[in-house]
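Work through the exercises below with the sequence and the model side by side. Try each task before you read its solution.

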Amino acid sequence: QVQLVESGGGSVQTGGSLRLSCAASGYTASRYCMGWFRQAPGQERGGVAQINSYRDITYADSVGGRFTISRDNAKNTLYLQMNNLKPEDTAMYYCAARRTAYCSAVSAPRTYDFAIWGQGTQVTVSS
């Protein structure tokens, strides 16, 4: 059974940093496209970043230059390093996975491309 478990969320002030982790089980992260998404209260879930099996990476325009997605194949874990956080980054952050090696050729990953989801981890940025 495939399971994705996020961790690393928390509360920080504007300009702070957090690193989110997504541990995968029953699934080999290095073989597939994986991504990070976020959802703020009252808003739709939107894509943040994605990485394919060849480590090609894309980011949503809103986080480019501040967030970095990476993957540790030995630990079967996906990461999202978030720097220079802003109040508008406040949201529940979700890890997601596909069953394809390649991601879609878009900047921000699309929710409907991903079939496997974690439970989410909350990030709150105060001004």
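Helices and strands here are DSSP runs, numbered from the N terminus: helices are H or I with at least four residues, strands are E with at least two. The model is predicted, so local features need pLDDT of at least 70 and side-chain atom pairs pLDDT 80 or more, while totals for chains, interfaces and linings use all residues. Residues are numbered from 1 along each chain as its sequence is written, and side-chain values use heavy atoms, without hydrogens and water.

**Exercise 1. Two asparagines**

Find where asparagine 76 and asparagine 84 lie, and describe the phi of each.

Solution. 
- Step 1. Asparagine 76 is in the loop between β7 and β8.
- Step 2. Asparagine 84 is in the loop between β8 and β9.
- Step 3. Most residues other than glycine have a negative phi.
- Step 4. Asparagine 76 is not a glycine, yet its phi is positive, about 55 degrees. Asparagine 84 also has a positive phi, near 50 degrees.
- Step 5. Now check accessibility. Buried means under 20% relative accessible area, exposed over 50%, and partly exposed in between (1.4 Å probe, protein chains only). Asparagine 76 counts as buried because its relative accessibility is 17%. Asparagine 84 has 42%, so it is partly exposed.

**Exercise 2. A glycine in a strand**

Decide whether glycine 35 is buried or exposed, and list what it touches.

Solution. 
- Step 1. Locate glycine 35: it belongs to strand β4, residues 34-39.
- Step 2. Its relative accessibility is 0%, so glycine 35 counts as buried.
- Step 3. Contact means heavy atoms within 4.5 Å. Leave out residues up to four places away in sequence; glycine 35 then touches Ala49, Gln50, Ile69, Leu78, Tyr94, Cys95, Ala96 and Phe114.
- Step 4. Compare sequence and space. Glycine 35 and alanine 97 are 62 residues apart in sequence, but their C-alpha atoms are 6.3 Å apart.

**Exercise 3. Disulfides**

How many disulfides does the structure hold, and which cysteines do they join?

Solution. 
- Step 1. A disulfide is a pair of cysteine sulfur atoms within 2.5 Å. There are two.
- Step 2. One joins cysteine 22 to cysteine 95, S to S 2.1 Å. Cysteine 22 is in strand β3 and cysteine 95 in strand β9, 73 residues apart. Both cysteine 22 and cysteine 95 are buried.
- Step 3. Another joins cysteine 33 to cysteine 103, with S to S 2.1 Å. Cysteine 33 sits in the loop between β3 and β4 and cysteine 103 in the loop between β9 and β10, so this pair ties together parts 70 residues apart in sequence.
- Step 4. Read the handedness. The link of cysteine 22 and cysteine 95 has -70 degrees about the S-S bond and is left-handed. The link of cysteine 33 and cysteine 103 has 110 degrees and is right-handed.
- Step 5. Number the bonded cysteines in sequence order: the pairing is 1-3, 2-4.

**Exercise 4. Rings and charges**

Describe the pair of phenylalanine 37 and tryptophan 117, then look for charges over rings.

Solution. 
- Step 1. Rings of Phe, Tyr and Trp (its six-membered ring) pair if their centres lie within 6.5 Å; planes under 30 degrees apart are stacked, over 60 edge-to-face, and the rest tilted. The whole structure has four aromatic pairs.
- Step 2. Phenylalanine 37 and tryptophan 117 are 4.8 Å apart, centre to centre, with 55 degrees between the planes: a tilted pair. It links strand β4 to strand β10 (residues 116-117), 80 residues apart.
- Step 3. Phenylalanine 37 counts as buried, at 0% relative accessibility. Tryptophan 117, at 27%, is partly exposed.
- Step 4. Ring pairs link Phe37, Phe114 and Trp117 into a cluster.
- Step 5. A charge sits over a ring if NZ of Lys or CZ of Arg is within 6 Å of the ring centre and within 35 degrees of the ring normal. Arginine 45 lies over the face of tryptophan 117, 4.9 Å from the ring centre. The charged end of arginine 98 sits over phenylalanine 114, 5.8 Å from the ring centre.
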